[in-house]
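Here's a quick tour of a model you can follow on screen.

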Amino acid sequence: MLNEKLHLYIEGLVHERNSLLTEMEQYATAHNIPIMELTGIETMLQLLRIHRSKKILEVGTAIGYSALRMAYGIPETHIVTIERDEERIQLAKEFIGRSGLAQQITLIEGDALDAAEAVSSHAPFDAIFIDAAKGQYKKFFEIYSNNLCDGGMIITDNVLFKGLVAESEIESKRTRNLVKKIDEFNRWLMDHPDFDSVILPVGDGVAVSKKRGERK
Ligand SMILES: C[S@@+](CC[C@H](N)C(=O)[O-])C[C@H]1O[C@@H](n2cnc3c(N)ncnc32)[C@H](O)[C@@H]1O
């Protein structure tokens, strides 16, 4: 998003992660598992700290990388995270087990479109992080914003989708359809009457939405 030189400069200033997180980053790269970009995740962690989020719902665990970044980075939080891919669930369990932070993370196994009941037993949440199937963002937002406290924050990743949302000509029909869905989500989100939202051009584009009202 930023000019490449500045982007590398900022990434170069981010502290090294511990050996487990570094191993996870390498695993994700080697096995094509999408995890949140470094500047995106650093931005999210900082927002969660400023917001003093204590209970966070994550939609899209993958191998548990972002859940563990939150658990390490904000020790007073509890993270409830949902994943439907069996292989990734097993990997997430292994990594979370090795981290020694299992008490901070609850993994819900299954499709987030059907997990509302399982999730509601952990509600309300101070913050929600949406990072699963991009074509379903609006549905995830609608289902889980019911579990967000007043004044709560929703962070949605990949809303600029490698800059493609601003492109008028995209060759692949599949990508074009996905970009259209993300663009529709962004417009819907910016006009949502219950949330104030902003899109930050960090990582792959991060939308930050704050629910109106005061947190009790
Ligand atoms: C981008 S990855 C998540 C990355 C993770 N948040 C991180 O940064 O470390 C998206 C994950 O969401 C999962 N996913 C997609 N749609 C889902 C759904 N409807 N329910 C549950 N998981 C879903 C995918 O299997 C994938 O592992």
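In the side chain of Arg-88, an N or O atom sits 2.8 Å from an oxygen atom of the ligand; a polar contact here is a pair of N or O atoms within 3.5 Å. Before going on, note that this is a predicted model, where local features need pLDDT of at least 70, side-chain atom pairs count only at pLDDT 80 or more, and totals for chains, interfaces and linings use all residues. Residues are numbered from 1 along each chain as its sequence is written, and side-chain values use heavy atoms, with hydrogens and water left out.

| Residue | Protein atom | Ligand atom | Distance |
|---|---|---|---|
| Arg-88 | side-chain N or O | oxygen | 2.8 Å |
| Gly-60 | backbone N or O | nitrogen | 2.8 Å |
| Ala-133 | backbone N or O | nitrogen | 3.2 Å |

On its own the ligand has 610 Å² of accessible area, and the protein covers 93% of that (Shrake-Rupley method, 1.4 Å probe). Around the ligand there are 21 residues, the closest being Met-36, Gly-60, Glu-83, Ala-112 and Asp-131; to be counted, a residue needs a heavy atom within 4 Å.

Now for the sheet. Seven strands make an open sheet with mixed pairing, in the order β3-β2-β1-β4-β5-β7-β6. From one strand to the next, the twist averages 15°. Strands here are DSSP E runs of at least two residues, helices are H or I runs of at least four, and both are numbered from the N terminus. Two strands pair if DSSP finds at least two bridges between them. Strands β5 (residues 148–157) and β7 (residues 206–211) run antiparallel and are joined by five bridges; Asp-157 has Val-206 in β7 as its bridge partner.

What lies across the sheet? Helix α3 (residues 38–51) lies across β1 (55–59), β4 (125–130), β5, β6 and β7, at about 170° to β5. Helix α8 (residues 173–190) lies across β5, β6 and β7, at about 135° to β6. Contact means heavy atoms within 4.5 Å, and the angles, from 0 to 180 degrees, are taken between N-to-C directions of axes fitted to C-alpha atoms, for helices over the stretch in contact.

The structure also holds six aromatic pairs (Phe, Tyr or Trp rings, the six-membered one for Trp, with centres within 6.5 Å; planes under 30 degrees apart are stacked, over 60 edge-to-face, the rest tilted). One of them is Phe-141 with Trp-188, edge-to-face at 5.4 Å centre to centre and 90° between the planes. Phe-141 lies in helix α7 (residues 137–144) and Trp-188 in helix α8, so the pair ties together parts 47 residues apart in sequence.

Key. A polar contact is a pair of N or O atoms within 3.5 Å; within protein, one must be able to donate a hydrogen and the other to accept it, and residues adjacent in sequence count only if both atoms are side-chain atoms.
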